[in-house]
Each structure stands twice: as C-alpha cells, then as structure tokens.
Amino acid sequence: LIEHIVPGITFLIQKKDVLLLDVNPVARFRFTGRFTAGLGWNQRLAFDGWNLKDRSLVYGPRAVLEYKWAKGFHFLFSPEAMKTTIPPQLRQAPTEGNKVWVPGMFAGLKKEFTVYKKIQGNTELLYNLYNAHGRSPYADRFVVRFGFEFPMKKRVRPLATTP
C-alpha cells in the first residue's frame, strides 16, 4: 500500500501588483502504472518585496487526475474550488460578499524528471478550461507549475539468520 501513495508539493509564481506564490501540498494514489489520482490544498501567499502580505488571499481544495502517456509525460486534469476576493465590477449582485468560491478546471501536460535519488521533479503546463464570469484568481488562462514528488518505497528488512 505504501508504494501507491505519492506525497508532493507544487508551486505557481505569478506577478500582478505583488508577487503571488501558490503552494499546493498534495497526496496522490497510484491505482495502476498509468492512472493516478489525488487531493491537495492550495494556499496563495502574497509578497511585497520580502514582506509577506495577506495569507488568506486565495485558498481552496484541488483534485488531480493523471494518465501516464509516454516516458515522463502525463496528461493532467485538475479541478479546484478557490475562495477568493471578487472585485466590485465583477460581482453578480450588489449584495454578493467580498469572498466567494470560484471553480476552475485545468488540463494539460506534466513532465517528470529525477532531481535527486528518490525525489522526482515535475513541470506542469496547464490551461484553465473554466473561467466562471471572468472571476478566475489567476493572471492568465495558461499557467506553468513546478513541483516535487516523493515516491515512497516499502522498507526492506534484512533476513534474520539462525545459528
């Protein structure tokens, strides 16, 4: 069972008025050699220079489905729901709150490579398929994420010798 669980973390860097860093810890489960699914949490951090601004800017759950296509290449589908602030001009109704849940659906390619021994690096090139009423919390519909995965191996116990 332990060999089917793959913990990881992905990052997305964007630049608007300030530097935005999305941190997404995720746990994937490898069903077969080709199919993997997982759940994670996305938290956006905003930096103004070296100063951390509001931590609750954007956050929410994210799912991921992967299909291994060729050596190191995967098709990736990633639906999410992000709690974000909506500018007044994009609100549906004047009574709508400042923060709302905004759905998103990303699809694209993921390329894996070995970073160091048991650490896998990856780069994801994704397109946001669903941008509800232009409310997406992302600067662009195309995003490039990068991250690391830590495949787990079953610990091999040495055989006991009998005298």
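Tutor: A cavity here is a set of grid points where a 1.4 Å probe fits but cannot get out. Rolling a probe the size of a water molecule over the atoms shows where empty space is left. The model is predicted. The structure has two cavities of 30 Å³ or more.

Start with the largest cavity. Its space comes to about 70 Å³. Thr10, Asn24, Val26, Arg28, Gly40, Arg62, Ala63, Val64, Leu76, Ser78, Glu124 and Arg145 form the lining. Three strands each give at least two residues to that lining: strand 2 (19-30), strand 5 (58-70) and strand 6 (73-85). By class, the lining splits into four nonpolar, four polar and four charged residues. Among the residues that line the largest cavity are Arg28, Arg62, Glu124 and Arg145.

Now the second largest cavity. Its volume is about 30 Å³. The lining consists of Glu80, Met82, Val102, Pro103, Gly104, Asn128, Tyr130, Ser136, Pro137 and Tyr138. Strand 6 and strand 7 are the elements that give two or more residues to this lining. Strand 7 has the largest share, with three residues. Here the classes are six nonpolar, three polar and one charged.

Strand 8 (119-128) and strand 9 (142-149) each supply at least two of the patch residues. Met105 sits in strand 7 (residues 99-116). Its relative accessibility is 34%, so Met105 counts as partly exposed.

Open space comes last. The second largest pocket has a volume of about 260 Å³. Its lining holds 18 residues, and Val6, Arg30, His74, Glu112 and Glu149 lie nearest the centre. Strand 2, strand 3 (35-48), strand 5 and strand 7 are the elements that give two or more residues to the lining of this pocket. By class, that lining has four nonpolar, four polar and 10 charged residues.

Notes
Residues are numbered from 1 along each chain as its sequence is written. This is a predicted model: local features need pLDDT of at least 70, side-chain atom pairs count only at pLDDT 80 or more; totals for chains, interfaces and linings use all residues. Side-chain values use heavy atoms; hydrogens and water are left out. Helices (H or I, at least four residues) and strands (E, at least two) are DSSP runs, numbered from the N terminus. Buried means under 20% relative accessible area, exposed over 50%, partly exposed in between (1.4 Å probe, protein chains only). On a 1 Å grid over the protein atoms alone, a cavity is a set of points where a 1.4 Å probe fits but cannot get out, and a pocket is an open set with protein on both sides within 12 Å along at least five of seven lines; lining residues have an atom within 4 Å of a point. Grid points are joined across faces, edges and corners, and a volume is the space filled by probe spheres set on the points. Ala, Val, Leu, Ile, Met, Phe, Trp, Tyr, Cys and Pro count as nonpolar, Asp, Glu, Lys and Arg as charged, and the others, Gly among them, as polar.
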